Amino acid sequence: MLEARGTGSETGGPGRNAVTERVYTNPDGTVKAELAAERRAAASDAAERRNVDRELVDALMRALHGEGYVIVPELLPREDMERIKAEALPLLHFEGRTEFEGFRTRRVYSVIEKTLALNPLVEHPLILALLDRLFMPNYLLSQLQAIDVLPGEVRQPLHHDDGFYPIPRPRPPIGAAVIWAIDDFTQDNGATQLIPKSHLWGDVQVADIDTDALVPAVMPSGSAVFFLGTLWHCAGPNRSDASRMAATAQYCEPWARQQENYSLAISRQRARLCSETVQGLLGYSMLFPFIGFVNGRDPKRLLA
Ligand SMILES: O=C(O)CCC(=O)C(=O)O
């Protein structure tokens with residue numbers, strides 16, 4: 001089948017073109033059927049590999065493709081969220097500098113450099129099983145944040161998370177996001193608001209969007225809302241007297257640039273403390289054979 005698989009961590013050097021041609025293309029330049037089949041297989045056995053219920057993954061994928069988002073209630077216990085909150089709170093130093101960040105919203109960026117407490121969210125097996133179905137192997141973490149929406153915050157500007165990739169819509173998502181409820185998400189406290197089915201839209205002007213179509217992701221602490229990078233959404237206004245904390249992880253195709261520049265933001269020492277899965281998500285992985293290599297080889301060698 002794919003003879004070069006065993007050397008999949010290598011690229012460049014003598015014979016590079018021969019390897020590429022053998023693995024990737026037919027003489028007429030079309031992608032080899034084996035490669036396409038291998039990709040389909042990797043996606044279809046995702047549930048088994050991640051040790052999660054295949055029927056659940058199928059059902060969540062159907063909802064995701066239909067609505068553009070899906071809420072998974074109480075995926076982790078509330079106590080886990082309380083521990084994460086205790087770790088994240090001291091890191092929330094500044095309020096937003098723009099309307100988008102939110103002038104009454106506090107965020108932590110470069111999270112993994114500061115705490116590993118959010119890693120179990122980043123690599124939750126059910127989330128990875130969904131991502132395995134959506135993206136090419138070795139997809140990446142694009143950004144990770146804790147977001148604390150304070151009382152009095154107004155609704156965040158509407159956006160979709162892969163909107164900064166300048167590729168016209170409608171199109172498949174280049175990214176996906178998970179927002180974890182650290183606190184309960186309620187109608188009043190700034191629960192993320194989403195527009196069902198808006199992932200199917202073509203290019204639109206924000207001013208033309210009917211905000212009455214927004215649906216709040218009301219969910220208890222420990223739940224997660226998973227949505228496609230093409231789905232329009234925003235953080236809701238916080239009309240309550242308590243803050244609303246979320247953790248959000250965004251992921252992207254392995255050929256797309258990550259939003260956070262992890263090769264600069266997360267030190268190698270810090271990456272060594274992460275699981276192999278998180279290391280791969282940060283960028284210690286490659287899209288075989290030519291995207292992400294270091295000195296012609298898989299970057300995970302840098303952590304050895
Ligand atoms: O905090 C939220 O509920 C959503 C935040 C968001 O969509 C973002 O900042 O990109």
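**A helix and its surroundings**

Modeller: Of the 304 residues of the protein, 39% count as buried. A residue is called buried if 20 or more other C-beta atoms lie within 10 Å of its own, exposed if 12 or fewer, and partly exposed in between, with the C-beta atoms placed from the backbone. This is a predicted model, so local features are used only at pLDDT of at least 70 and side-chain atom pairs only at pLDDT 80 or more, while totals for chains, interfaces and linings use all residues. Residue numbers start from 1 along each chain, as its sequence is written.

The secondary structure comes to eleven helices and nine strands. Helices (H or I, at least four residues) and strands (E, at least two) are DSSP runs, numbered from the N terminus. Let's start with helix α5, residues 78-88, in which Met81, Ile84 and Ala88 are buried. These three cover an arc of only 60 degrees around the axis, so they sit on the same side of α5. The arc is that of the directions from the helix axis to the C-beta atoms. The general rule behind this is that an α-helix has 3.6 residues a turn, so residues three or four places apart point the same way. On the other side of α5, Glu79 and Ala86 are exposed.

What covers the buried residues of α5? The cover includes β2, β3 and β9 (244-252). Here, and for other contacts, two residues touch if their C-beta atoms, placed from the backbone, lie within 7 Å.

Follow that cover to strand β2, residues 105-108. Both of its faces are covered: Thr105 and Arg107 on one side, Arg106 and Val108 on the other, are all buried. Strand β2 runs antiparallel to strand β3 (residues 140-149), and four bridges join them. Two strands pair if DSSP finds at least two bridges between them. Thr105 has Val149 as its bridge partner in β3. In general, strands of a sheet pair through backbone hydrogen bonds, either parallel or antiparallel.

Ser110 has a positive phi of about 45 degrees although it is not a glycine. That deserves a second look because most residues other than glycine have a negative phi, and most peptide bonds are trans. Ser110 counts as partly exposed because it has 18 C-beta neighbours inside 10 Å. Asn51 also has a positive phi, of about 60 degrees, and is not a glycine either. You will find Asn51 in the loop between α3 (46-49) and α4 (54-67). Asn51 counts as exposed because it has 9 C-beta neighbours inside 10 Å.

A cis peptide bond joins Arg169 and Pro170, with omega about 0 degrees. The peptide bond from Phe288 to Pro289 is cis too, with omega near 0 degrees. Pro289 lies in the segment after α11 (276-282).

Now for the ligand. Around it are Ile147, Gln156, Asp161, Ile179, Thr192, His233, Cys234, Ala235 and Ala246. By class, the shell has five nonpolar, three polar and one charged residues. Ala, Val, Leu, Ile, Met, Phe, Trp, Tyr, Cys and Pro count as nonpolar, Asp, Glu, Lys and Arg as charged, and the others, Gly among them, as polar.

Strand β8 also belongs to an open sheet of three strands, in the order β6-β5-β8, with antiparallel pairing. Its edge strands are β6 (215-216) and β8, each pairing on one side only. Two bridges join β5 (residues 192-194) to β6, and Gln193 has Pro216 as its bridge partner in β6.

Finally, look at the largest nonpolar core, where Leu130, Trp180, Val225, Phe226 and Phe227 touch the most other members among its 67 residues. Such a core is a set of buried Ala, Val, Leu, Ile, Met, Phe, Trp, Tyr and Cys residues joined through C-beta atoms within 7 Å. Leaving out residues up to four places away in sequence, Val225 touches Tyr69, Ile71, Ile179, Thr192, Ala217 and Met219.

Note on methods
A residue is near a molecule or strand if its C-beta atom, placed from the backbone, lies within 6 Å of it.
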